[in-house]
Amino acid sequence: MAKTFAVIGLGRFGSNIAKALAEKGFDVMVIDSDENEVREFSEIVTNSLVLDATDERALKEAGISDVDVAIVSVGQNIDTSILITLLLKELGVKYVVVKAVNDKHGKILQRIGADKVIYPEREVATRLAESFVSPKIFDYIELSPTHSIIEIAAPKEFVGKTIRELALREKYRVSLIAIKRRIPIITNKGTPDFKEEINISPAADDEIQEGDVITLLGKYEDLERIERL
Amino acid sequence: MKKKKNSSCQDHIELAQFYMLNQKYQEAIKHFKIALEIKPDAQVYYQLGLAYEASNEISLAQEMYRKALELDKTLNEAAEHLKNITT
């Protein structure tokens, strides 16, 4: 049987989780005190409610006890997240996941019964750091917590294909910004060397060649898929 | 006998350089390596480094530039490439 989820707090993290779960076909209930945030979800998820999640009775009436997993992500407000976590456990929610903003917050959450404490900012930072030591990534610029620009050796699968054939935007949801290519030359001294040519905003008919370095813009997870090719 | 060895070494270098200029780096790497097995040479290590660098094998490129510099400290182009890819 499919799991049912409740997402409490529709900030950036909460709303992304709720959307992702709904897209995967799960039953999702979203809760936020801000009517505007909730309204956005009315057609995406199974159940969208405007209520104060620190109100025990309101939570009970919403049927929170029946969900399998509750995800609490109420931004920077530590007191509220602690209170909600406590209520959820008291109401019998089997698995409560809470977003913590720092170590102290995380420790308290664990102590009052949170089943899993997550630190999204820290986790993203660690993953970025890991990707940075990957030998295939030459440069990296973080644009926002979700998007970045990477300079990466063109994967073998891309070699010999045109930009049109690759259809990066359709297949990987990333944009190709530039292709850097080393052109072998013979120097005045008669020794081989190469010069670098940069093709900014390449045309659809341009082809990726062996040894090319490509600059891509996209979401972290989409860029990671290309990195793994 | 010695002469034949040298000419075969030179053949591989020339072949590798030909592949290099045509951006067939994997082929170039293969022939540079054969040439180096016959006779280690700073200039050939440097060129093998270039082929690795061109195919984005940065750590191998560094290794080859270092080997080139071990054999010939005055090989400025190797020092320069090594500096560029290390920073």
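Predicted model: local features only at pLDDT ≥ 70, side-chain atom pairs only at ≥ 80, totals over all residues.

Student: Fine. What secondary structure does chain A have?

Tutor: Nine helices and 11 strands.

Student: And chain B, how many helices and strands?

Tutor: Five helices and zero strands. Read from the N terminus, the order is α-α-α-α-α.

Student: Let's zoom in on chain B. Where is H3, and how far does it reach?

Tutor: Helix H3 of chain B covers residues 42–54, which is 13 residues. From first C-alpha to last it reaches 18 Å, close to the 18 Å expected at 1.5 Å a residue.

Student: Is H3(B) largely enclosed or open?

Tutor: Largely enclosed by the rest of the structure, because 11 of its 13 residues are buried.

Student: Which residues of H3(B) are the buried ones?

Tutor: They are Val44(B), Tyr45(B), Tyr46(B), Gln47(B), Leu48(B), Gly49(B), Leu50(B), Ala51(B), Tyr52(B), Glu53(B) and Ala54(B).

Student: What happens just after H3(B)?

Tutor: Asn56(B) takes a positive phi there, about 65°.

Student: OK, neighbours. How does H2(B) pack on H3(B)?

Tutor: H2(B) is residues 25–38, and its axis lies 9 Å from that of H3(B), at an angle of about 155°. Angles over 145 degrees count as roughly antiparallel, so H2(B) is roughly antiparallel to H3(B). The crossing is left-handed.

Student: Which residues meet there?

Tutor: From H2(B), Tyr25(B), Ala28(B), Ile29(B), Phe32(B), Lys33(B), Ala35(B) and Leu36(B). From H3(B), Val44(B), Tyr45(B), Gln47(B), Leu48(B), Ala51(B), Tyr52(B) and Ala54(B). By class, this contact has 12 nonpolar residues, one polar and one charged.

Student: And on to H4(B). At what angle does it cross H3(B)?

Tutor: Roughly 165°, with the axes coming within 8 Å. H3(B) and H4(B) are therefore roughly antiparallel to each other. That crossing is left-handed.

Student: Who makes the contact between H3(B) and H4(B)?

Tutor: On the H3(B) side, Ala42(B), Tyr45(B), Tyr46(B), Leu48(B), Gly49(B), Tyr52(B) and Glu53(B). On the H4(B) side, Ile58(B), Leu60(B), Ala61(B), Met64(B), Tyr65(B), Lys67(B), Ala68(B) and Leu71(B). The classes here are 12 nonpolar, one polar and two charged.

Student: Switching topic. How many residues does each chain put into the contact between A and B?

Tutor: 13 from chain B and 13 from chain A.

Student: Which elements of chain B give two or more residues to that side?

Tutor: Helix H1 (2–21), H3 and helix H4 (58–71).

Student: How do the residues on chain B's side divide by class?

Tutor: Six nonpolar, six polar and one charged.

Terms used. Residues numbered from 1 in each chain as written. Chains lettered and ligands numbered in written order. Helix = DSSP H or I, 4+ residues; strand = E, 2+ residues; numbered from the N terminus. Expected span 1.5 Å × (residues − 1). Buried ≥ 20, exposed ≤ 12 C-beta atoms within 10 Å, placed from the backbone. Contact = placed C-beta atoms within 7 Å. Nonpolar A, V, L, I, M, F, W, Y, C, P; charged D, E, K, R; others polar. Axes fitted to C-alpha atoms, helices over the stretch in contact; angles between N-to-C directions. Parallel < 35°, antiparallel > 145°, perpendicular 65-115°, else oblique. Left-handed = near helix turned anticlockwise from the far one by under 90°.
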